[in-house]
Amino acid sequence: MSTPSTAPSSTPTLPDALRLGAAHLTVTDLDRSVAWYQDVAGLRQHGRDGAVARLGAGGEDVLVLHEQPGARPAGRHAGLFHVALLYPSRLELSRTTRRLAANRLPLTGASDHGVSEALYLRDPDGNGIELYADRPRSAWPAPTEAGQQVGMYTRALDVEDLLRVSDGEDVRRHAAEGLAVGHLHLHVGRVPQAVAFYRDLVGFAEVTTYPGASFLSAGGYHHHLAVNVWAGEGVGPAPADAVGLREWSAVLPDDAAVGAVRARLEAAGVAVADEGAAGVVLRDPWDIALRLVTAR
């Protein structure tokens, strides 16, 4: 990973208390997808209203699935690379790994990032999913280059060592409470343009870069957001009739914090939709929707 680009001295900062809320995904078959997320991530169905199902681990919703029969598969365009579900402990990730093995669900990857351990899959519609657990911040690798805020790497995950954490346990169908959306990773058309939007306007800090990608966060986290051009430099927005990400959300500590972001965007000529108690919705240069809400 390489040194992040230098941010302007006036770059705004989001509150350290920021956390991510639910991510909304388009799927083609709601029953199939609900069953898959139960078998894979251990999610429960919190509620269902027609073609929409809300999933989580008994607390807040983490995924909201919207059925759109006939939606086309994702292609070479901006949108979702993966949504990452964060487990509250390594034990919970170990239990999830055991559940995946019992259900014979194939992985697309398994990585040790130093800051975290992660499993990668694709749901039945091809939406990218990461299941991960963080290491304690005290154990995160030191930055290796000047200007980096967080040291990260990608190495093969020791799956056998991870499984040993839950040795002797029966397979558990459901994840424990505390599961949350940890980060979103997006395909965009240009990384500098995405950084200019999410850092200089929204207020995330750029913490490190990787060839063709940038990682941003609030409060010194390794990343709440990553953007990449791995779908192709200059790609455009996702078609409205494609599977993938409908919106993602960030929870800020108070109305003043939401209002500050809104003011910056409007001053820059970016339209912001005010939806009252449901927060405000903004769209990046590739029409990817981010909802900002107040913690309540």
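## Strands E11 and E14

In this predicted model, strand E11 (residues 180–187) and strand E14 (residues 225–228) run parallel and are joined by four bridges, where strands are DSSP runs (E, at least two residues) numbered from the N terminus and two strands pair if DSSP finds at least two bridges between them. Within this pairing, His185 stands opposite Ala226 in E14.

Both strands belong to an open sheet of nine strands with mixed pairing, in the order E10-E7-E8-E9-E6-E11-E14-E13-E12. Its edges are strand E10 (155–156) and strand E12 (205–210), each of which pairs on one side only.

## Thr108

Thr108 lies in the loop between helix H2 (90–102) and strand E7 (109–112), a helix being a DSSP run of H or I with at least four residues. Because its relative accessibility is 55%, Thr108 counts as exposed (over 50% relative accessible area, 1.4 Å probe, protein chains only). Leaving aside residues up to four places away in sequence, Thr108 touches Tyr120, Leu121 and Arg122, contact meaning heavy atoms within 4.5 Å.

From C-alpha to C-alpha, Thr108 and Pro73 are 18 Å apart in space, with a separation of 35 residues in sequence.

## Basis of the values

Residues are numbered from 1 along each chain as its sequence is written, and side-chain values use heavy atoms, with hydrogens and water left out. Local features need pLDDT of at least 70 and side-chain atom pairs count only at pLDDT 80 or more, whereas totals for chains, interfaces and linings use all residues.

Note on methods:
Buried means under 20% relative accessible area, exposed over 50%, partly exposed in between (1.4 Å probe, protein chains only).
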